[in-house]
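Subject: Structure handover

Hello,

Please find the structure below, with the sequence alongside. My notes on what was found in it follow.

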Amino acid sequence: MVVGAKGMLGTDLVSRLVEEGHEVMAVDRLEVDITNEASVEHTIEKVDVVVNVAAYTAVDKAEENEADAFLVNAVGPQYLARRCKKIGARLVHISTDYVFDGSNSSPYGENGPMNPAGAYGRTKAAGEWAVRANTDDYIIVRTAWLYGAHGACFPKTMAALSDKHDTLSVVTDEVGQPTWTADLADLILRLVLAEVPSGTYHGTSSGRTNWHTFTKAIMASLGKDPEIVKETTAAAFKRPAPRPSFSVLGHNQLVANGVEPIGNWLDRWNEASASVLAEY
């Protein structure tokens, strides 16, 4: 069962599972309210694996609505974990780089201390805790900088802006790993099929870049001059929620369990760009 099946990642995950011949139940908010334990118990039965892709991801809104974010990002996973334990299903729970404060200069380890800087990160960290506390059979997959064909994302935003402006100012001082939802869907399936031990894994592309360099790659994919992308810093943008300045996640646990990490971010973007930018 995929919970949150209509989102950008959920859509790609369901497609991949069906393509590989797996029996999939795709549910979203209309079918199950993960913040209501009775709804979770009524909906989830006779499944082997539950993948929770549902989340409150409005990072800035979460600063004012932390209670709402907590319900979806922490209470929901608690109910899902309890239900999975009761029916003997494995829970795959998607988390985020925002559980870290972004102050590192080397990749974050899977088992390093969490120290979220904002409300969204706090609620996602609480969700991880809830999963670990309520079931012994789980895979937590942290990801970051997601983009895909089936939802709003950074490449589509930049593509649309480039049609309206002669230049684009993009930050150089936020570093991370742009990750294609189709690649993450593939990794989730590979983790489940490999029957990896319960624990935390990082589902991001390999390598690292900043938003400025990523935007230049996006412009190149559109056949536009990458030099229209100008450098700026995060200080130029006043936003309610703090963004991690360093979001590079390490992949040691994947390697240790014989699971190949996602390839280099630029190679994967070049593979993804045509489908992601087909409609923006």
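Is R268 buried, partly exposed or exposed? At 22% relative accessibility, R268 counts as partly exposed (buried means under 20% relative accessible area, exposed over 50%, and partly exposed in between, with a 1.4 Å probe and protein chains only).

Before the rest, two notes on the basis. This is a predicted model, in which local features need pLDDT of at least 70 and side-chain atom pairs count only at pLDDT 80 or more, while totals for chains, interfaces and linings use all residues. Residues are numbered from 1 along each chain as its sequence is written, and side-chain values use heavy atoms, with hydrogens and water left out.

Salt bridges

The structure holds 14 salt bridges (a side-chain nitrogen of Lys or Arg within 4 Å of a carboxyl oxygen of Asp or Glu). R268 forms one of them with D183, and the closest N and O atoms are 2.8 Å apart. R268 lies in helix α10 and D183 in helix α7 (residues 181-193), so this pair ties together parts that are 85 residues apart in sequence. Helices here are DSSP runs of H or I with at least four residues, strands are runs of E with at least two, and both are numbered from the N terminus. D183 counts as buried, at 9% relative accessibility.

K216 and E227 also meet through their side chains in a salt bridge, at 3.4 Å from N to O. The pair links distant parts of the chain, with K216 in helix α8 and E227 in the loop between α8 and β12 (229-232), eleven residues apart. K216 is partly exposed at 23% relative accessibility, and E227 is partly exposed with a relative accessible area of 47%.

A further salt bridge joins R16 to E20, with the closest N and O atoms 3.2 Å apart. R16 has a relative accessible area of 21% and is partly exposed; E20, at 40%, is partly exposed. A network of salt bridges links R16, E19, E20, D186 and R190.

Aromatic pairs

There are eleven aromatic pairs in the structure (rings of Phe, Tyr and Trp, the last by its six-membered ring, with centres within 6.5 Å; planes under 30 degrees apart count as stacked, over 60 as edge-to-face and the rest as tilted). F154 and W211 make a tilted pair, 4.4 Å centre to centre with 45° between the planes. F154 is in helix α6 (residues 154-164) and W211 in helix α8 (residues 211-221), so the pair ties together parts 57 residues apart in sequence. W211 is buried, with a relative accessible area of 15%.

The rings of F214 and W265 have centres 5.9 Å apart and planes at 85°, so this pair is edge-to-face. F214 in helix α8 and W265 in helix α10 (residues 265-276) are 51 residues apart, and both F214 and W265 are buried. One aromatic cluster is formed by W145, Y147, F154, W211, F214, W265 and W269.

Cavity

The structure holds one cavity of 30 Å³ or more, and the largest cavity has a volume of about 50 Å³. A cavity is a set of points on a 1 Å grid over the protein atoms alone where a 1.4 Å probe fits but cannot get out, and lining residues have an atom within 4 Å of a point. Grid points are joined across faces, edges and corners, and the volume is the space filled by probe spheres set on the points. The lining of the largest cavity has 14 residues, of which Y98, A117, G118, P242 and P244 lie nearest its centre.

Regards

How values were computed:
1 Å grid on protein atoms, 1.4 Å probe; cavity = no way out; pocket = protein on both sides within 12 Å on 5 of 7 lines; lining within 4 Å.
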